2 protein chains.
Amino acid sequence: MTRDPKLCVHTITTKPWPIEVAMDKYAAAGIGGITVWRQALEGRNIAQVGDDLRARNLEIVSLCRGGFFPNKTSEGRAEAIEENRRAIREAAELGAPLVVLVCGAVPGQSLAESRRQIADGIAAVLPLAEELNVRLAIEPLHPMYADDRSAINTMASANAVCDELEHPLVGLAVDAYHVWWDPDLAAQIALTGEKNRLFAFHLCDWLTPTTDLLNDRGLMGEGCIDLKGMRALVEAAGFTGFHEVEIFSNRWWSADQDEFLARIQQAYFELG
Amino acid sequence: MTRDPKLCVHTITTKPWPIEVAMDKYAAAGIGGITVWRQALEGRNIAQVGDDLRARNLEIVSLCRGGFFPNKTSEGRAEAIEENRRAIREAAELGAPLVVLVCGAVPGQSLAESRRQIADGIAAVLPLAEELNVRLAIEPLHPMYADDRSAINTMASANAVCDELEHPLVGLAVDAYHVWWDPDLAAQIALTGEKNRLFAFHLCDWLTPTTDLLNDRGLMGEGCIDLKGMRALVEAAGFTGFHEVEIFSNRWWSADQDEFLARIQQAYFELG
């Protein structure tokens, strides 16, 4: 197996593997990067995990995830800000340069109010992000998650928050699954690149039919997303970072994970 | 039960009832309007059904649905156009002034190409629509249906097709379920009203969690959509038509339909 220097695998993709297994498997397969799900660090010495990853030549691409800023109470919003500070500290301990933000939403609270609380929440944690030099990537989530996961459902909305905060540490994570349908996709990717905000690029595919809103994503090539076209767009916009494979899938989680990892590499290779 | 002059029920909402039962039940409940699912007309004399509805003082609001124009082959696109002509003729026979279009999409075909084919398909059926004086409403569908149901996923995309065709018989059906998340909702509703394109307004609710992408919609008030706010927006935009209740729900379809109809009226009443 040749080394895939731009391929990064998110640990949630191989959820059945604890991080100690995942790091050995990814390294043995010649994968270049790893994104770490925060839950995978529970009970571990985070700095030691970071050393273990680097010892295997795995570049730590990002820590997932912070966010969930909106809350109907000021106490809830303050707690969310503290939780995001913890995530930023964990990223610094691990040696991850980036925290991905799933920004949050509250059913019954207006999306405009939630967007206001998201911008305020990011602003509140920015001083710590500056101190520890950790970047924050707003991940626009598919509109089917607008009820309780994110009030930021388009790249335009994410860019609006970035415009307001106007800070070099705040940018976007572009996940093919969430944005592929957007009629403004090409223009928004170009704009995000121009503004130096294209911080991360996530790959998976959209299945037809999709049987579960959360955990029925496809391996690249199994679905209908034009991933080659999208990669061309992010590269044309100046993106030179890792291509992160992030697949939430009950089907793949119940499969043999060694075989799944081989299929991921093959699918990535076939993207050209 | 007082009469609800602006309340319209879509026959798919009470799917277990054949149209002969639905028309008696809606009329007895004092509901003012009915939208007819094409499949509910199968095997019937359509003109006679229209007479039966009018005899019960049910205003026929629309026929659902045409659309599904995109196809990878020219034969497939030609057949889709013929099918839409059949729908327009059925609307005229029934006495429905409007056909709602679920415009279609083909997994693996670019959304831009599908949008091109949609505009071309509508243009091809417009002469017949003019001849029979039937309006056509493009219904933007939620982005979670962009793979195989519609490449028109925002009001802005629907308005772009209308701009291209620029015809008084072509407008929009605004369904709360599909567009509630849109950060441009208010501006797009206002624009659609200004352009005299606000042809229909559909009500239901978004459940948290949603367990099925197709048939897990909520009764108004069960979910997180600000329906009062959305109704205020369409009214401010000059809409004076019916409020159509369209609920695709395995849960409600398995309930007692008389009780469900009473709940619909109660929920509509509570919207104020």
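Modeller: Let us start with Phe68(B), which sits in the loop between strand 3 and helix 3 (74-94) of chain B. Helices (H or I, at least four residues) and strands (E, at least two) are DSSP runs, numbered from the N terminus. This is a predicted model, where local features need pLDDT of at least 70, side-chain atom pairs count only at pLDDT 80 or more, and totals for chains, interfaces and linings use all residues. Residues are numbered from 1 along each chain as its sequence is written, while chains are lettered from A and ligands numbered from 1 in the order in which they are written.

Colleague: What makes Asn196(A) count as exposed?

Modeller: Asn196(A) has 10 C-beta neighbours inside 10 Å, and therefore counts as exposed. You will find Asn196(A) in the loop between helix 7 (185-194) and strand 7 (198-203) of chain A. Asn196(A) is not a glycine, yet its phi is positive, about 60 degrees.

Colleague: Which residues are joined by a cis peptide bond in chain A?

Modeller: Cys64(A) and Arg65(A) are, with omega about 10 degrees. Arg65(A) is part of strand 3 of chain A. In chain B, Cys64(B) and Arg65(B) are joined by a cis peptide bond too, again with omega about 10 degrees.

Colleague: How do you know what span is expected for helix 3 of chain A?

Modeller: The expected span is 1.5 Å times one less than the number of residues. Helix 3 (residues 74-94) of chain A has 21 residues, and from its first C-alpha to its last it reaches 30 Å, close to the 30 Å expected. Its buried residues include Ala80(A), Asn84(A) and Leu94(A). Two residues are in contact if their C-beta atoms, placed from the backbone, lie within 7 Å. Among the elements that the buried residues of helix 3 pack against are strand 2 (31-37) and helix 4 (111-132) of chain A. After helix 3 comes Gly95(A), with a positive phi near 90 degrees.

Colleague: Which strands pair with strand 5 of chain B in the parallel sense?

Modeller: Two strands pair if DSSP finds at least two bridges between them. Strand 4 (residues 98-102) of chain B runs parallel to strand 5 and is joined to it by four bridges. Here Val99(B) stands opposite Leu136(B). Between these strands the chain passes through helix 4 (residues 111-132) of chain B, and the β-α-β crossover is right-handed. A crossover is right-handed if, with the strands pointing away from the viewer, the path from the first strand over the helix to the second runs clockwise. Strand 6 (residues 170-175) of chain B is parallel to strand 5 as well, over three bridges, and Ala137(B) stands opposite Gly171(B) there. Strand 5, helix 5 (residues 155-165) and strand 6 of chain B form a right-handed β-α-β unit.

Colleague: What radius of gyration would a compact globule with 272 residues have?

Modeller: The rule is 2.2 Å times the number of residues to the power 0.38, with the radius taken over C-alpha atoms. For 272 residues a compact globule would be near 19 Å, and chain A has 18 Å, which agrees. Buried residues make up 53% of chain A.

Colleague: What relation do chains A and B have?

Modeller: Copies are superposed by least squares on the C-alpha atoms of residues with pLDDT of at least 70 in both. A rotation of 180 degrees with 0.0 Å of shift along its axis places chain A on chain B, with an RMSD of 0.0 Å. That is the relation of a two-fold axis. Of the interface residues of chain A, 100% are also interface residues in chain B, so the copies meet through the same surface.

Terms used:
A residue is buried if 20 or more other C-beta atoms lie within 10 Å of its own, exposed if 12 or fewer, and partly exposed in between; C-beta atoms are placed from the backbone.
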